Amino acid sequence: ETSRSNITGMALDHIHANEVILTFGHSTTVREFLIHGHKKRSFRVVVCESGPALKGHKMADELSRGGIETTLITDSAAFAMIHVVNKVIIGTHTIMADGALRAPNGAHQLALAAKHFSVPVIVCAALYKLSPTHLCSYDEDAFNKIIGPENMLNFSNAKLHSKVIVSNPEFDYVPSNLIELFITNTGGHAPSYLYRIISELYHPHDYDLDNMCVEDSDDEDNERT
């Protein structure tokens, strides 16, 4: 909670009066960041609904209850709306070592739309989400998580299920070149600065988590012998 309060405390440095801010899905940190900024700034928020889970509906409701003028849109309407937006503010599940994101599914297309219209993408996330690992091109399946299709298809329609294969990935990979700024509990950082933070938070042996587990296992075997 201290990390979140540190992040929300920087809202007035990044949110300006009469702006239009676009966000995606539901993030408690982003919600508190926006509500804190609304205490002294007047601005509007557009929320992408984040299908198929539709977590953006909850986000839009909470922002509206917080007194912020909020508009809920479908994910497919993001490209049409992005040209009137001043900045995109989102949360993420994980920050990779190179500044890329493991973010909720749909965040990549939003970041691409923002890049096309030169709209900055800001990520609000505490440093405990920073990982020392990179995404390898041969490891994309392990990077993601395929969840059940129950929020996309009605299980009562068994005949349809027997005829289709549904892939429902939970995460998107968002490259670091689509991110403008990270707002963390220690301040604002460019993606290129994350290497420095990782060197302060992690030992070099921690950079490869798989090899670290193998080394630990070998050490235990040596101790037993």
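**Close-up views of a predicted protein chain**

View 1. Among contacts (heavy atoms within 4.5 Å) between residues at least 6 apart in sequence, 75% join residues at least 24 apart. This is a predicted model, where local features need pLDDT of at least 70 and side-chain atom pairs count only at pLDDT 80 or more, while totals for chains, interfaces and linings use all residues. Residues are numbered from 1 along each chain as its sequence is written, and side-chain values use heavy atoms, with hydrogens and water left out. The chain has 10 helices and 10 strands; these are DSSP runs numbered from the N terminus, helices being H or I with at least four residues and strands E with at least two. Of the 225 residues, 40% are buried. Here, buried means under 20% relative accessible area, exposed over 50%, and partly exposed in between (1.4 Å probe, protein chains only).

View 2. pLDDT is the predictor's confidence in each residue, from 0 to 100. The chain averages 87, and 86% of the residues score at least 70. Residues 212-218 stay under 50, and the model gives them 2 contacts beyond four places in sequence. Where pLDDT is low, the predicted coordinates should not be read in detail.

**View 3. The largest pocket.** A pocket is an open set of points on a 1 Å grid over the protein atoms alone, where a 1.4 Å probe fits, with protein on both sides within 12 Å along at least five of seven lines; lining residues have an atom within 4 Å of a point. The largest pocket holds about 640 Å³ of space. It is lined by 32 residues, and His26, Lys55, Thr92, His93 and Pro104 are the closest to its centre. Helix H1 (2-8), helix H3 (28-38) and strand E6 (101-104) each give two or more residues to the lining, with H1 giving the largest share, 3 residues. By type, the lining splits into 13 nonpolar, 14 polar and 5 charged residues.

**View 4. Thr8, in helix H1.** Thr8 sits in H1 and counts as buried, at 10% relative accessibility. Leaving aside neighbours within four places in sequence, Thr8 touches Thr29, Glu32, Phe33 and His36.

**View 5. The buried side of helix H9.** Leu194, Ile197 and Ile198 are the buried residues of H9 (residues 194-201). They lie on the same side of H9 because they cover an arc of only 100° around the axis, taken from the directions from the helix axis to the C-beta atoms. Their cover includes strand E5 (94-95), strand E9 (181-184) and strand E10 (187-189).

**View 6. Asn185, between two of those strands.** Asn185 is in the loop between E9 and E10 and is partly exposed, at 22% relative accessible area. Beyond four places in sequence, Asn185 has contacts with Ser3, Asn6, Ile7, Ala125, Ala126 and Leu127. Gly9 is 176 residues away along the chain, yet the C-alpha atoms of Asn185 and Gly9 are separated by 9.2 Å.

View 7. Most residues other than glycine have a negative phi, and most peptide bonds are trans. In the loop between strand E2 (44-48) and helix H4 (56-65) you'll find Pro52, joined to Gly51 by a cis peptide bond with omega of about 5°. Ser50 is in the loop between E2 and H4 too; its phi is positive, near 60°, and Ser50 is buried at 7%. Asn18, in the loop between helix H2 (11-14) and strand E1 (20-24), has a positive phi of about 65° and counts as exposed at 65% relative accessibility.

Note on methods
Points joined across faces, edges and corners; volume = space filled by probe spheres on them. Nonpolar A, V, L, I, M, F, W, Y, C, P; charged D, E, K, R; others polar.
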